[in-house]
Amino acid sequence: MGETVRTLAYGEWPSPIDAATAAAHDGSPEFAGFVGDEVWWTEPRPAEAGRRTLVRRHADGAEESVLPAPWNVRSRVIEYGGRPWAGTVRDGGGPLVVFVNFADQRLYRYEPGGEPRPLTPVSPVGQGLRWAEPVPLPERGEVWCVLEEFTGDGPSDVRRVLAAVPLDGSAAEDRNAVRELSDARHRFVTGPRLSPDGRRAAWLGWDHPRMPWDGTELVLADVAPDGTLRDARTVAGGPEESIAQVDWTHDGRLLYASDRTGWWNLYRDGEPVCPREEEFGGPLWKLGHRWFAPLGNGLIAVLHGRGALALGILDPETGEVVDAAGPWTEFAPTLAAHGERVVAVGAGPHSAHEVVELDTRTGRARVIGAAHEDAVDPAYCPEPQVRVFTGPDGREIHTHVYPPHHPEHTGPADQLPPYVIWAHGGPTGRVPLVLDLEIAYFTSRGIGVAEVNYGGSTGYGRAYRNRLREQWGVVDVEDCAAVALALADEGTADRERLAIRGGSAGGWTTAASLTTTDVYACGTIIYPVLDLTGWGTGETHDFESQYLESLIGPRAEVPERYAERSPAAHADRLTAPFLLLQGLDDVICPPVQCERFLARLAGRDVPHAYLTFEGEGHGFRRAETMVRALEAELSLYAQVFDMKPPGVPTLELGR
């Protein structure tokens, strides 16, 4: 590496981080768990049509992808999915694993050395039968799980119950052989958690128009000797109390995370365990997310914190939490425990997500799977800053700022760098502070990035989350604009070269920002919500079909607000160039949203490009898609900001 730092225009620095490198390292391990003493997890394969494989870590430390292509271990329950696999050890000592295959959504039985065998049928009705959060119970000859069953062709013609599937394959062609465990009293349910003695089962349920972070009920039932669930009753939760997860302690006490105080804290048989103004839970976007895991010795592995979640061990008798030592500053909600061992998925500003094991006897944490390897010299990766900006009414806006960074180049002294504001999806979510080569793709070329955890984001308590109630398209837009203008006012960013980008709900915020403010010179809108009047009346999936009741307001009371807030209704105000990216298989934010928006923009003479991708749904997973999208995005900024980045194909902008 040269010792001389050269001056070169921002956005034109040569970078070793190309789009293919960023795409190859997209995604992270997920849904880690134990099969006997072994640790297994799912892992992305962008180069294999974006499938997720199941990885097994053998006793000697060797990793094996146990299911070859095209097997894709991923559930479509509530479209965002849920835990798609689980395993146990057979009497003979070998693993018995059940998993959901994405293509047909059937549940399969798999034993290493053999071929997967289907356990459930394919339904010709609507979008079929789907499964999540399996719990193998070989002693009963069944696997218990969540069943999502479509009853018609509409996205909301669906019911969800707990169900027991025979492990012998007798239901593979016979829906009637699946035994339903619960009634359909709740529109949505999580998977059953069985008490240590097997005599009780607990799960969560909720109903429209609530989302799970608004309010859920904790349901408890007795397990009869014949395997039926009896006397199901609600024991905690309600319309304004979100219970994010439920489990059992080693001695049979009910353990759950509730936000009844304004923070997701832990409760044991209804009594607070470690009351703090911190989060010990999060938004339940996928069934089977785990923020805590009870241990056999009475301790509890927890994820906790404000914003970033640390991995710790909680003593419920004293309320003391001891955090695991290591370089990881963020942990994903996929904890699992076995005896005194804990498995988690951790990452940090300088490392991508990797599978981490914590031995609670020694306190030693180590990487055991998906180990981070530098794809490029880390000297080219950005040094993020955790900042809090001030928004309208003096409110806090939590933000991660990634300044341009290159070991061999700097920008001209008389220039400020362009910045792109990143609005995360959800909108009830949070962007973690972890190494992201997509961000490094821009910062290593001299373009700054600021990720905004705008009002409505999780990780900062219920009051922060509730800022977005009936204010979507207002608070998120204001907070992103406040961060962008603050960066310009303090001399960090070039006021004339600000852009905004986001996907899903972040695509909404991007489009709303471009049609209601003059802050940005251009934007990248990725699989967005653009027209509330259509999206909320049958154009999206069941899970989020009434999300707007809280984000915008009750449709029956404020119908005009749905049109007033929609970017599609204000396409005539749009003057900034933009890039629109859309998966053609997206059922959450379908292509019709983009098509309607573009139709209303016709004749406006606004430079733009619309790129669609076959085989992609909500969230791009294929390497070739991610490469095309990333290069197109950089080309947009290059053209608008008058930059000439080397080696980037030119995106053709139409009008």
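User: Which residues does Glu142 touch, not counting residues up to four places away in sequence?

Analyst: This is a predicted model, and contacts are read from its atoms. Glu142 touches Val135, Pro136, Leu137, Ala164, Val165, Pro166, Leu167 and Arg179, with residues up to four places away in sequence not counted.

User: Where does Glu142 lie? Is Glu142 buried or exposed?

Analyst: Glu142 lies in strand E11, residues 142–150. For burial, compare the relative accessible area with the cut-off: buried means under 20%. Glu142 has a relative accessible area of 12%, so Glu142 is buried.

User: Which side chain makes a polar contact with the side chain of Glu142?

Analyst: Trp144 does. The two side chains are joined by a polar contact of 2.9 Å.

User: Now Glu43. Where is its place, and which side chain joins that of Glu43 in a polar contact?

Analyst: Glu43 sits in strand E3, which covers residues 38–45. Its side chain and that of Trp41 are joined by a polar contact of 2.8 Å.

User: How should I read a chain separation against a spatial one? Take Cys522 and Leu498: what separates their C-alpha atoms?

Analyst: Put the two values side by side. Cys522 and Leu498 are 24 residues apart along the chain, and 7.4 Å separates their C-alpha atoms. Cys522 is found in strand E37, residues 522–528. At 0% relative accessibility, Cys522 counts as buried. Leu498 is also one of its contacts beyond four places in sequence; the others are Ala499, Ile500, Leu514, Ala576, Pro577, Leu636, Tyr637, Val640 and Phe641.

User: What separates the C-alpha atoms of Pro294 and His338, and which residues does Pro294 touch?

Analyst: The C-alpha separation is 9.1 Å, for residues 44 apart along the chain. Pro294 lies in strand E23, residues 292–294. Pro294 is buried, at a relative accessible area of 18%. Not counting residues up to four places away in sequence, Pro294 touches Asp247, Trp248, Thr249, Leu255, Leu299, Ile300 and Ala337.

User: On to helices. What describes two packed helices?

Analyst: The angle between their axes and the distance between the axes. Take helix H6, residues 532–539, and helix H9, residues 591–601: their axes come within 10 Å and cross at roughly 155°. That angle makes H6 roughly antiparallel to H9. The crossing of H6 past H9 is right-handed.

User: Which residues of H6 and H9 make the contact?

Analyst: H6 supplies Gly534, Trp535 and Glu539, and H9 supplies Val592, Gln593 and Arg596. By class, these residues are two nonpolar, two polar and two charged.

User: At what angle do the axes of H4 and H5 cross?

Analyst: Roughly 75°, with the axes coming within 9 Å; H4 spans residues 475–489 and H5 residues 505–516. That makes H4 roughly perpendicular to H5.

User: Which residues in H4 and H5 meet?

Analyst: Asp476, Val477 and Cys480 in H4 meet Trp508, Thr509, Ala512, Ser513 and Thr516 in H5. The contact of H4 with H5 has four nonpolar, three polar and one charged residues.

Conventions. Residues are numbered from 1 along each chain as its sequence is written. This is a predicted model: local features need pLDDT of at least 70, side-chain atom pairs count only at pLDDT 80 or more; totals for chains, interfaces and linings use all residues. Side-chain values use heavy atoms; hydrogens and water are left out. Helices (H or I, at least four residues) and strands (E, at least two) are DSSP runs, numbered from the N terminus. A polar contact is a pair of N or O atoms within 3.5 Å; within protein, one must be able to donate a hydrogen and the other to accept it, and residues adjacent in sequence count only if both atoms are side-chain atoms. Axes are lines fitted to C-alpha atoms, for helices over the stretch in contact, and angles run from 0 to 180 degrees between N-to-C directions. Angles under 35 degrees count as roughly parallel, over 145 as roughly antiparallel, 65 to 115 as roughly perpendicular and the rest as oblique. A crossing is left-handed if the near helix is turned anticlockwise from the far one by less than a right angle, and right-handed if clockwise. Contact means heavy atoms within 4.5 Å. Ala, Val, Leu, Ile, Met, Phe, Trp, Tyr, Cys and Pro count as nonpolar, Asp, Glu, Lys and Arg as charged, and the others, Gly among them, as polar. Buried means under 20% relative accessible area, exposed over 50%, partly exposed in between (1.4 Å probe, protein chains only).
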